[in-house]
Amino acid sequence: TQPLLAWVDPSNLVMLYLLLVVGIALRYSRGPAAWCALLGVLSFDYFHVPPRLSFAVGDVQYLLTFAVMLLVGLLLAELMARLRRQADVAATGERAAQRQYELARALAGAIDMSQVHALLEQFVSEELGGLADLWWLSSREQLRRLNVSSEAAVLPGAGLCLIPALIETVLRDGRLHEQDDLLRSGHRLLLLPLDAPMRRRGVLAVSVPEARLGATLRRVLTA
């Protein structure tokens with residue numbers, strides 16, 4: 001900004017420093033942008049406020065300029081960081097909607113329940129890095145786990161003999177159940193009822209790393 005001093009008043013150079021804060025906030029995050037705002041205040045004081053090349057302030061009115069400059073810089077950093085987060089959430093939601101559409105299209109072409117479970121298991125693994133069990137009510141109202149032979153079962157059980165009490169609770173209440181996964185450290189266990197137009201058909205049990213389970217991914221699982 002030194003070559004601009006011949007044409008621009010030093011107080012107007014503040015806008016250039018604030019513009020830099022906006023660029024840093026969009027490119028990185030709130031933290032670097034806040035540091036940029038603070039360094040901008042120090043640089044403006046050092047290079048443009050008499051006596052120059054010193055942090056001494058000859059006119060106390062510049063203290064108000066520094067305070068306003070820092071405050072506006074921090075506000076811009078926060079606003080730009082929020083804008084970036086919203087853009088990331090929108091992009092994540094768009095991708096999730098596309099993946100749900102692809103899953104629905106694949107499920108429509110499934111010819112037996114084993115294919116349904118394989119598609120759901122693949123979806124949960126790729127999207128959430130988790131595991132999925134599908135518990136299904138047969139035409140005789142018998143509840144069974146479709147992936148009986150799977151080595152990566154979400155809930156413990158011995159073939160068709162043991163029906164976890166949690167599954168029965170979700171079937172009865174029809175509400176999503178969420179708790180810590182006692183079998184896997186750092187995972188959350190979600191049990192989601194599978195409601196058809198006429199009756200409840202089963203439960204989807206999902207174990208997901210807690211670090212990846214946010215509000216968006218909860219909506220994806222519910223859908």
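Biologist: Which exposed residues does the face of H5 turned away from its buried side carry?

Modeller: Ala-165 and Arg-172. Exposed means over 50% relative accessible area, buried under 20% and partly exposed in between (1.4 Å probe, protein chains only). Bear in mind this is a predicted model: local features need pLDDT of at least 70, side-chain atom pairs count only at pLDDT 80 or more, and totals for chains, interfaces and linings use all residues. Residues are numbered from 1 along each chain as its sequence is written, and side-chain values use heavy atoms, with hydrogens and water left out.

Biologist: Which residues are buried in helix H5?

Modeller: Ile-167, Val-170 and Leu-171, in a helix running over residues 165–173. They cover an arc of only 100° around the axis, so they sit on the same side of H5. That arc is taken from the directions from the helix axis to the C-beta atoms.

Biologist: And what covers the buried residues of H5?

Modeller: The cover includes S1, S2, S3, S4 and S5. Helices (H or I, at least four residues) and strands (E, at least two) are DSSP runs, numbered from the N terminus.

Biologist: Why is strand S1 called largely enclosed?

Modeller: Because six of its seven residues, 131–137, are buried.

Definitions and conventions: Contact means heavy atoms within 4.5 Å.
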